[in-house]
Every structure is written in C-alpha cells, then in structure tokens.
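Subject: Structure handover and notes

Hello,

The structure you asked for is below, with its sequence. My notes on it follow.

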Amino acid sequence: GINAEYMGIFTIVTLASHPAHLLDSIYLITKSHQKLKKRYPWYSEIHSTIAQQRKSLTILLIILNINCFAQYGMTAAMWGWSLDTRPGWLVGFCLPIAIICGCIGGIYAGYLAKKYGSITTGSELADLSTVTQKGSI
C-alpha cells in the first residue's frame, strides 16, 4: 500500500544519509578538523570557538543518528510483520521519534550554519546536515 511506498522512500533517504552521519561522528571523535571543515564550512579550527562548535556538531549528529535508527525500527516493523502480527507500540514509538529528530536536526543544522557564518543554497536544503558551500537561500 501507500504506507509501504512512503516507508521505502524514507528508508532509501536514510540509507543514503546515515553513512555520512556516522563518518562525521568518527571525524568528530578523532578530531579530524580538516575533514569536518570540508563537510561543514562553518566549522572552524580557531581555538576560541572550536569547543562550542564541537559541542554543537555533536548534538546535531546525535539527533540525526537517532533519526536514522528510529527509521530503521519503523522499517523493520512495517516490512517485517503483517498488520495482524506487527507490535502496535513499535511504530507508535519510532514514528514520533523519527519525525521529531528529523525536523529538529534539519532546523538545528540550518541554525548552526547561520550562527557560524555559512548560509546554505536552495539545493542544499534537501540535506541540511551536509553544508558544502556558501551562498544564499
């Protein structure tokens, strides 16, 4: 049905973006500042702001990774069980988490880009977590 089609679209988007979120998390843990700077132009190596930027980026990546894991839970529930055998609480638990984290993550990524000096272009709004160039909306 239509729900399975929507689930497929959201799962494909999640599978496409989650590896980047995990890689960015690894870069953050290993303090690979140059690699983070390539992905997030607003990310600075200036010591006076780097601690705050690392904290902000950590929060963003946690939110985006939670979004992905909630989507995986919904996909497993929707595709793994029929409507009769599916645990009703699983979709009810994962759906709000996925929606809320996706919305908050996108808004927060835009806020960070604006706060630290990079404004995304219209084409980048599809994936606000990957800010690649400066421009205007």
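A word on naming before the notes: helices are DSSP runs of at least four residues, numbered from the N terminus. In that numbering, Val 13 lies in helix 1. Please keep in mind throughout that this is a predicted model.

Overall make-up

The chain has four helices and zero strands, so the order of elements from the N terminus is α-α-α-α. Of its 137 residues, 41% count as buried. The accessible surface comes to about 8,000 Å², and carbon and sulfur atoms account for 70% of that. Among contacts with a separation of 6 or more, 54% are between residues 24 or more positions apart.

Confidence

The average pLDDT of the chain is 81, and 81% of the residues score at least 70. Of the elements, helix 4 has the highest mean pLDDT, at 90, while helix 2 (residues 33-39) has the lowest, at 85. Residues 119-137 have a pLDDT below 50; in the model this stretch still has 41 contacts beyond near neighbours in sequence.

Nonpolar cores

The largest nonpolar core has 16 residues. Those with the most contacts inside it are Leu 36, Tyr 40, Trp 42, Tyr 43, Leu 57 and Leu 60. Two or more residues each come from helix 1 (2-29), helix 3 (47-80) and helix 4 (88-115). Helix 3 gives the most, with five residues. To take one member, Leu 57 is in contact with Leu 28, Leu 36, Tyr 40, Trp 42 and Tyr 43, leaving aside its neighbours within four places in sequence. There is also a second, separate core of nine residues, which includes Ala 70, Val 91, Cys 94 and Ala 98.

A buried glutamine

Gln 71 lies in helix 3. Is this residue buried or exposed? Its relative accessible area is 5%, and the cut-off for buried is under 20%, so Gln 71 counts as buried. Not counting residues up to four places away in sequence, Gln 71 touches Met 7, Phe 10, Thr 11, Thr 14 and Ala 98.

The salt bridge

The structure holds one salt bridge. In it, the side chains of Asp 24 and Arg 39 meet at 2.8 Å, N to O. The pair links distant parts of the chain, with Asp 24 in helix 1 and Arg 39 in helix 2, 15 residues apart. Asp 24 has a relative accessible area of 0% and is buried. Arg 39 has a relative accessible area of 19%; this is under the 20% cut-off, so Arg 39 is classed as buried too.

Surface and loop

Tyr 6, Ile 9, Phe 10 and Val 13 make a nonpolar surface patch of about 430 Å². Phe 10, listed above among the residues that Gln 71 touches, is one of the residues of this patch.

Lys 31 is found in the loop between helix 1 and helix 2. Its phi is positive, at about 55°, although Lys 31 is not a glycine. Lys 31 has a relative accessible area of 52%, and exposed means over 50%, so this residue is classed as exposed.

Regards

Methods: Residues are numbered from 1 along each chain as its sequence is written. This is a predicted model: local features need pLDDT of at least 70, side-chain atom pairs count only at pLDDT 80 or more; totals for chains, interfaces and linings use all residues. Side-chain values use heavy atoms; hydrogens and water are left out. A nonpolar core is a set of buried Ala, Val, Leu, Ile, Met, Phe, Trp, Tyr and Cys residues joined through side-chain atoms within 4.5 Å. Buried means under 20% relative accessible area, exposed over 50%, partly exposed in between (1.4 Å probe, protein chains only). Contact means heavy atoms within 4.5 Å. Patches are made of residues with over 30% relative accessible area and no salt bridge: like charges are joined within 9 Å, nonpolar side chains (Val, Leu, Ile, Met, Phe, Trp, Tyr) within 5 Å. Accessible areas come from the Shrake-Rupley method with a 1.4 Å probe; for residues, only the protein chains shown count as cover. A salt bridge is a side-chain nitrogen of Lys or Arg within 4 Å of a carboxyl oxygen of Asp or Glu. pLDDT is the predictor's confidence in each residue, from 0 to 100.
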